[in-house]
Amino acid sequence: KIQIAPFHPLFQFEGSSPDDVDNWTNRSPYPIFHILREDEVSRATQVLDGDAGRVWKRNVNLLHAIRDEMGLDGLSRLYQYQLDGEEQKQM
């Protein structure tokens, strides 16, 4: 069995605004489907004490920290690999 996780440059969760940082957890520079094997997802979830949501929460917290440090424009440039030298040093 497999799971399919979609990613898209303009991904937006239902009910969120386009600028919500949470949307960036499912954004990518190009549209793509990530195909996951359910047995591998189950093993990874076991490492997280059965809480797969911890990965998403960690990613959201990281994106909030990046936005707070670099701004939403900086976050966008990071996803597009357009950081200048000073911004790269911050990472």
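**Helix H1 pair.** I began with Asp 39 and Arg 43, which both lie in helix H1, four residues apart, or about one turn of the helix. This is a predicted model, and I read every value below with that in mind. Asp 39 forms a salt bridge with Arg 43, and the closest N and O atoms are 3.7 Å apart, which falls inside the 4 Å cut-off for such a pair. I then looked up how open the two residues are, and found Asp 39 partly exposed at a relative accessible area of 43%, with Arg 43 also partly exposed, at 46%.

**Other salt bridges.** The count for the protein comes to four salt bridges, and I looked at two further ones. Arg 67 and Asp 68 meet through their side chains with an N to O distance of 3.0 Å; Arg 67 counts as partly exposed at 28% relative accessibility, whereas Asp 68 counts as exposed at 58%. The side chains of Asp 49 and Arg 54 also meet in a salt bridge, at 3.4 Å from N to O, and here Arg 54 is partly exposed, with 39% relative accessibility.

**Asp 49.** I stayed with this residue, whose place is in the loop between H1 and H2. Asp 49 is exposed, with a relative accessible area of 67%.

**Overall layout.** I listed three helices and two strands, and from the N terminus on the elements run β-β-α-α-α. Buried residues make up 24% of the 91 residues in the protein.

**Largest pocket.** I looked up the largest pocket next and found a volume of about 530 Å³. Its lining is made of 17 residues, and Ala 5, Leu 36, Ala 52, Val 55 and Asn 59 lie nearest its centre. Strand S1 (2-7), strand S2 (32-37), helix H1 (38-47) and helix H2 (53-79) are the elements that give two or more residues to this lining. Sorted by class, the lining has 10 nonpolar and seven polar residues, and no charged ones.

**Surface patch.** Finally I checked the surface for nonpolar groups, and found that Ile 2, Ile 4, Phe 33 and Ile 35 form a nonpolar patch with about 460 Å² of accessible area together. S1 and S2 are the elements that give two or more residues to the patch.

Definitions and conventions. Residues are numbered from 1 along each chain as its sequence is written. This is a predicted model: local features need pLDDT of at least 70, side-chain atom pairs count only at pLDDT 80 or more; totals for chains, interfaces and linings use all residues. Side-chain values use heavy atoms; hydrogens and water are left out. On a 1 Å grid over the protein atoms alone, a cavity is a set of points where a 1.4 Å probe fits but cannot get out, and a pocket is an open set with protein on both sides within 12 Å along at least five of seven lines; lining residues have an atom within 4 Å of a point. Grid points are joined across faces, edges and corners, and a volume is the space filled by probe spheres set on the points. Ala, Val, Leu, Ile, Met, Phe, Trp, Tyr, Cys and Pro count as nonpolar, Asp, Glu, Lys and Arg as charged, and the others, Gly among them, as polar. Patches are made of residues with over 30% relative accessible area and no salt bridge: like charges are joined within 9 Å, nonpolar side chains (Val, Leu, Ile, Met, Phe, Trp, Tyr) within 5 Å. Accessible areas come from the Shrake-Rupley method with a 1.4 Å probe; for residues, only the protein chains shown count as cover. Buried means under 20% relative accessible area, exposed over 50%, partly exposed in between (1.4 Å probe, protein chains only).
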